[in-house]
Amino acid sequence: LLTEQGYAALGVDNNRVMVERCRELGLAVENADVVEYLKLQRSRSQGVISSFHVVEHLPLEKLVALIDEALRVLKAGGLLILETPNPANLTVGSCSFYYDTTHRNPLPAPLLKFLVEARGFVNVGIVPLHPVPEYARPQGDPLPRQIIDLLYGPQDYGVVGWKA
C-alpha cells in the first residue's frame, strides 16, 4: 500500500519463512532482528517506524531498546506506531493471546503508552483497533455496555507517538 502511494517502505522480520513469503509478493524486506537492524540505521533518517504485533514478543529490556532506537532513528516530527493485542478485551487477555506460544505477556495499553512517553516521545496516544464485528456479537444481548465492551471491544490497540 505504501509503495502504491509513492512511499519507500521496508519490512524487517526475523522469521525466515515470512521474509521469503514477503519477497515472493515483491515486498522489500530484510531478515534481521528489529533492534539490531535499527542500531545500524543513521540517526534521524526515517519518517515513520511501525511495529505490528512485535512488542508482545519482546522482554522488557528489548522493548525499551526498540523504543530508544526508534527515537534515535526517527527524524524530528517522525511517527512511531506500535500495535499489539489488547488484554483489556477479556477474550484476548485470557485466551486468544496465548494461541501464539511465542508471546511473552500481554501489554496493557496504559503501560505501553507510559513506556513510549517515558523514553521521549510526545503527543502519545492509544488507538483502539479491531472490535469484534457487530454480526459476530450476540443479538439482543442484555449485558451492560461495560461488559459488552470487555467481551467484544477492541481486540488490538496501537500506541502512536511523535518525535519532537
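## Basis of the model

A residue is called buried under 20% relative accessible area, exposed over 50% and partly exposed in between, with a 1.4 Å probe and protein chains only. This is a predicted model, in which local features need pLDDT of at least 70, side-chain atom pairs count only at pLDDT 80 or more, and totals for chains, interfaces and linings use all residues. Residues are numbered from 1 along each chain as its sequence is written, and side-chain values use heavy atoms, with hydrogens and water left out.

Most residues other than glycine have a negative phi. His130, which is not a glycine, has a positive phi of about 60°. His130 belongs to strand 5 (residues 122-131); helices (H or I, at least four residues) and strands (E, at least two) are DSSP runs, numbered from the N terminus. Because its relative accessibility is 40%, His130 counts as partly exposed.

Arg44 also is a residue other than glycine with a positive phi, near 55°. The loop that holds Arg44 runs between helix 2 (34-39) and strand 3 (46-52). Arg44 counts as exposed, at 58% relative accessibility.

## The sheet and its helices

Four strands form an open sheet in the order 3-4-6-5, with mixed pairing; two strands pair if DSSP finds at least two bridges between them. Strand 3 and strand 5 are at the edges and have a single partner strand each, so one side of each lacks a neighbour in the sheet. From one strand to the next, the twist averages 15°.

Strand 4 (residues 74-85) and strand 6 (residues 154-162) run antiparallel and are joined by seven bridges. In this pairing, Ile81 stands opposite Val160 of strand 6. Helix 3 (residues 60-73) packs on the sheet and touches strand 3 and strand 4, its direction making about 150° with that of strand 4. Contact means heavy atoms within 4.5 Å. Axes are lines fitted to C-alpha atoms, for helices over the stretch in contact, and angles run from 0 to 180 degrees between N-to-C directions. Helix 5 (residues 109-118) lies across strand 4, strand 5 and strand 6, at about 150° to strand 5.

## The largest pocket

The largest pocket has a volume of about 1,600 Å³. A pocket is an open set of points on a 1 Å grid over the protein atoms alone, where a 1.4 Å probe fits, with protein on both sides within 12 Å along at least five of seven lines; lining residues have an atom within 4 Å of a point. The lining has 40 residues, and Leu10, Gly11, Val12, Ser50 and Ser51 are the closest to the pocket centre.

Two or more lining residues come from each of strand 1 (11-13), helix 1 (16-24), helix 2, strand 3 and helix 3. Strand 3 gives the most, with seven residues. By type, the lining divides into 25 nonpolar, 12 polar and three charged residues.

## Two loop residues

Asp33 is in the loop between strand 2 (29-31) and helix 2. Asp33 counts as partly exposed, at 22% relative accessibility. Asp33 and Asp13 are 20 residues apart along the chain, and their C-alpha atoms are separated by 6.6 Å. Leaving out residues up to four places away in sequence, Asp33 touches Val12, Asn14 and Lys62.

Asn86 lies in the loop between strand 4 and helix 4 (90-94). With a relative accessible area of 10%, Asn86 is buried. Beyond four places away in sequence, the residues that Asn86 touches include Val92, Pro154 and Tyr157.

Definitions and conventions
Grid points are joined across faces, edges and corners, and a volume is the space filled by probe spheres set on the points. Ala, Val, Leu, Ile, Met, Phe, Trp, Tyr, Cys and Pro count as nonpolar, Asp, Glu, Lys and Arg as charged, and the others, Gly among them, as polar.
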